[in-house]
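Please walk me through this model in the viewer, one selection at a time. Tell me what to select and what is there.

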Amino acid sequence: MTDTTYSSEENSKPVVTAQKKPGTVLRMLRYSVGKFFSLFLAVLIGMYLVVLIANMGGYVDQIMKAQIRDGIGLQVSMDPELRRRPPEERQQLINELVAVEEHRLGLDKPFIGRSFRFLFNAMTLNLGRAQHLTSDSGSASVRLIILERLPPTLLFMTTASFSLFFISLVFALFLSRNYGSFIDKLVIALSPTSSAPPWFYGIFLLLIFAALLGWLPFGGMVDAPPPEDPIKYALSLGRHLILPVAAWLMSGFFASVYSSRTFFLIFSMEDYVELARAKGLSARDIERRYILRPTLPNIITSFALMLIGLWQGALLTETIFNWPGLGRMLYRAVQTFDTPVIVGSNVIYAYLLAITVFILDFIYALVDPRVRMGSGGPKA
Amino acid sequence: MQKKLLAVIAVIMALAMVLTACEPAAVLEPEKIIETVVETVVETVEVEVPVEVEVVPEVAESTRKGGWFDTIIVIEEPNTDAAITRLEVEEIDIFVYTVSNPESAAKVEAAPNLDSYASSGSYNELSFNTTGPVWENGKLNPFGIAKIREAMNILIDRDYMVQEIVGGLGTPRWTTFNSASNDAAAFAAEIRAIELAYGYNKELAGELIGVEMEALGATLEGGKWTYEGEPVEISVLIRIEDERLQIGDYVSNQLEDIGFTVIRDYKSAADASPIWYSGDPNDGLFHIYTGGWITTVIPRDLGDNFAYFYTDLGLPAPLWMNYENDPEFYDVAEKLAYQDFTSLEERAELIGKALDLAMKDSARLWLYDQNSITPKQTNISAAADLYGNVGGGYLWALTIQRAGEEGGSLTMAMPSILTEPWNPIAGSNWIYDMTLIRGTSESATYPDPFTGLYLPNRIDRAEVVVEEGLPVFQNLDWAELSYAPEILVPEDAWADWDPVEMRFITVGELHAAAVEAAAEDEEAETPGPVTALRKSVAYYQEDLFDVVKWHDGSPFSVGDILMGIILTFDRGKEDSAIYDAAAAPTLRSFLGSFKGVKIISTDPLVIETYSDVYYQDAELNVSTWWPYYDQGPGAWHNLYLGLLAEADHESVFSQAKAAELDVDRLSYIAGPTVEIMKGKLDQWTEEGGMPYEPIFSEFVDEAEVALRLENLTEWYRRYGHFWLGTGPYYLQRAFPVEGTVILNNNPFFPDLSTRWDRFANAPIPVVEVDGSARVTIGDEEVYEVTVTFEGVPYALDDITSVNFLVVDANNQIAHVGKAVGVKDGLFEIVLTPEITGALSAGSNTLEVVVVSNLVAVPVSDGLTFVTVD
């Protein structure tokens, strides 16, 4: 079954000769429903695994119970007033306080039941209340905890990731045009520097620009106290963004350019590109029509995955720059076994990933004529 | 075209970044900085012999009130190294955290513009599993034998640990007494004797343990202990988060060196807790656990530590429940725990016994007290508690200042801020939040940061009466102690609370009900009049209501005290509109010893309290009822908003109830619950009234209600929150997401800024022993001990004792005595012919331990001398 043919007409535009069949819509629908359910099932299984892992299969209950009893026992026993009470009386008080705390955390119910409750709440996006964490403004609502940390993370990650993505894409294209040049060789030589993570560069940048030169702040999101004037606030924000974004770019730039450049080079050596060259098409036309277009699905995929990756934040980079983002929040949640926050954060990511994968299938079909939905894979 | 466009975009981006980078950091405009200038006037006068006379006028005492700074900016810096770098470049003034990392401490010490305050508080030990010696699984537990545990004391080199593991940031420790404590100071000589007796001696430890192992039936084969053909395995449960990792490895190495096969079980707190704390020690899952403890306030009475750490009277956990003690030790520990003694002499005798017996028991093996530092700029000073340091102390906000400066701003960094919601009743109890909360509040009494004794702040004086025979003793003159054969509780004192009728239940009513109940029960005895073991009377300063104001300008009133008394009961009462199940057990426990409270006079304010709870120090027995709740200060009017919100189940004070009702915990400083409280303020403005009207109306009039409403409304309009205190700083604004808090000087604060300045530095004495290095046996020899602080002789009145120990050539204590005070800063030790005559020829040590009244840290110095015939 051949779905796409490239014509050799004068304008050299690839023409798609789709062989329309009566069952196309039905096939698309069937494919969509199947895909939807398979993704939903994947999310469901994935989320239950998250619940199980976050709770170590129920072992966290034991840990938390021990911690509660330990903490309350210490609290009561260290109280000089209570410390001299008879042991039985102290024990009774401890038991009562332990019961209140265990009830609060739901530990008075079996884990298996609670695990399904966690799953149900997660799948219905009823994020519920955190067990230990609170939002910075004091709310225990998981939704508010996440929403409060989302803007800083989006600001940082979007700026950093978008900059990295587009700059490296443009630069990679430039290098693919100048294959073998000095800059090309330099980028190849420097690409291993990307093995160092952003926080590593962050430390150096902080040392140079904050500690040594004093030009830029050590971290945080804005100056202290935060400026009241919105323009000054924005400027302060921008100033605080420079180093984390620079660290992100330094870490990812060379590897990203190298991989995109290689990718473009591979496509630029395809037979149809050579043919186009032989026909005397301009370099710009060749680049736009014969190189960029076939690479679009890959570019879109990596762009989409980068977009949903923003959701996870960047734990260590956020920590180094004291950036109040989602990464640090998730780390604290893991440290304190705060299952609702862990599950809440993951379920949103899982849904975003599933939706992205779902939508990408359609986008592939739109941007790449070689792809047909529900037809068992691309053919050239 | 595309290229040009890209180039333009790139230029714009670069320019934007450069411009933003060049934008100066937003800093608080320093308000008026008033410098205290020491004027030096040089005056030349003509006389017969021309001389230059330098006249230095006296420095005028500062008239500033409240905190020394106009503004304190608090920022979050979770990374200690980054914080120290920021201190070095003077971006911050103080890092309010207790740093215990030796490398960081060394960095601070090396920086010319930095120094630090030192404190202790955390300490490490080895907890033994004392069950066995043979477990049900057939394995041997050598630590089931007390003599093996005792010998472990000399297998461990505590000095090595302090030097190698914590880089010198610690004090080796042998006993259950914290090195910086009243009791360690009082029993310094006894403790030193223990240190000498249990000094590191690995060879001897191996021998002693070997004897006991053989008695258990174990054999040493090829350098390894075996029991019934199997190697004797010791499971060391090693905590991994801190220096206990190195401790565990060191102890394991030492055990391996004497023939044990060691299993190193590395675990985090969460993983270790189910094994060592809540697990049954008889299961044999561990032999040794690397324990760690924290004391946050200067301990005034550590007598109950023996029961707490060594017997089943301690924690209600299986490990403790399995402790089996020598009956004599148990008896002594119990007497000390329940204060079953009548004099300090009797207590001293019991402690002397307990110290020795605890070493023989050694269910725990104390290793060292960890010291830590709070780094700061050298020109910054503040009262630093011996345990809590700056952040954990109560006086930091009242004392923190930059040398020679009044006003201006201070930038303070902390590892974390605004961790949980702030509300006075059951809000955040994180140390970082509490530091700031304390900066906005005050108490009727403050603990002395160097001795732990309470000092009066808002009260003029107090009386304490205890039942005859109780071991309570007076230290300072503001709390007058007396004894009485019986303390009757007045019938009209308030003993309980009726949440429905909103009135107090008097002692008389409760007593009448008890008599009535006894009358119905033929077997029950008619109860006698209500008595208490302790009565305290707090006399507040006469101008209290004139000078003390809440941050919103509302004068302090008896209503604030009344609210505190009511809330002691109301939240734990099931019929209350604000009933909280989490508060009920604590209330029940409180009512078990509380006997009554009575407001004797409202102006001046005098409050009498009756209770069966008493403490050894008279000053600690004064109940003030100052409205500083568990987690912060509260005026009756701002608390009322929270009470209304809780009664309507819109938002509540405690975390437990918030989870139960699926609502948010009240935060008085930011977030959605502030809006809820604003709604309640509007409701109150509209409807009028007052909280707990039946009782409140007896103490608070309509004019006060109107004034408080007006002030609180204006406060919210200006600052957007409801956090009020009476402390030296008020909360100007909290920026939760940005991690910044701004505190401003409280313009209503009545006291001079200089009031607590004497606590800027701990007066830890510097001791030096001087005298002959050669002593003839049988001759008298005199040694001088100089005691100074910052180069000035220590006043004799401020010295509790100067004891000395003569340690002979065999490392045994040959004599213990007291030095004699000659004058301020100078003591004399006389080694009489009898003392020197008892020594044999060789090298001896004269050790001196100085204990000051002003600071609970014993200081010692030594001198080696040679005895010759």
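Start by colouring chain B of this predicted model by its domain assignment. Domain 1 comes in three pieces, 1-113, 379-417 and 739-762. Domain 2 covers 120-302 together with 363-370, and domain 3 is 766-868.

Now select the place where domain 1 of chain B meets domain 2 of chain B. Domain 1 puts seven residues into this contact, and domain 2 puts in 12. On the domain 1 side, four of the residues touching domain 2 are nonpolar and three are polar, with no charged ones.

Next, go to strand 21 of chain B, residues 459-467. Which strands pair with strand 21 of chain B? One is strand 27, residues 534-540, which runs antiparallel to strand 21 and is joined to it by seven bridges. Another is strand 22, residues 479-484, paired in the parallel sense over six bridges. Select B:V465 to see both pairings from one residue: B:K535 of strand 27 stands opposite it, and so does B:S482 of strand 22.

Finally, zoom out to the whole of chain B. A cartoon view shows 27 helices and 45 strands. Along the principal axes, the C-alpha atoms fill a box of roughly 100 × 90 × 90 Å. Colour by burial, and 48% of the 869 residues are buried. Of the contacts between residues at least 6 apart in sequence, 71% join residues at least 24 apart.

Technical notes:
Residues numbered from 1 in each chain as written. Chains lettered and ligands numbered in written order. Predicted model: local features only at pLDDT ≥ 70, side-chain atom pairs only at ≥ 80, totals over all residues. Pairing = 2+ DSSP bridges. Helix = DSSP H or I, 4+ residues; strand = E, 2+ residues; numbered from the N terminus. Domains from an automatic or database assignment. Contact = placed C-beta atoms within 7 Å. Nonpolar A, V, L, I, M, F, W, Y, C, P; charged D, E, K, R; others polar. Buried ≥ 20, exposed ≤ 12 C-beta atoms within 10 Å, placed from the backbone.
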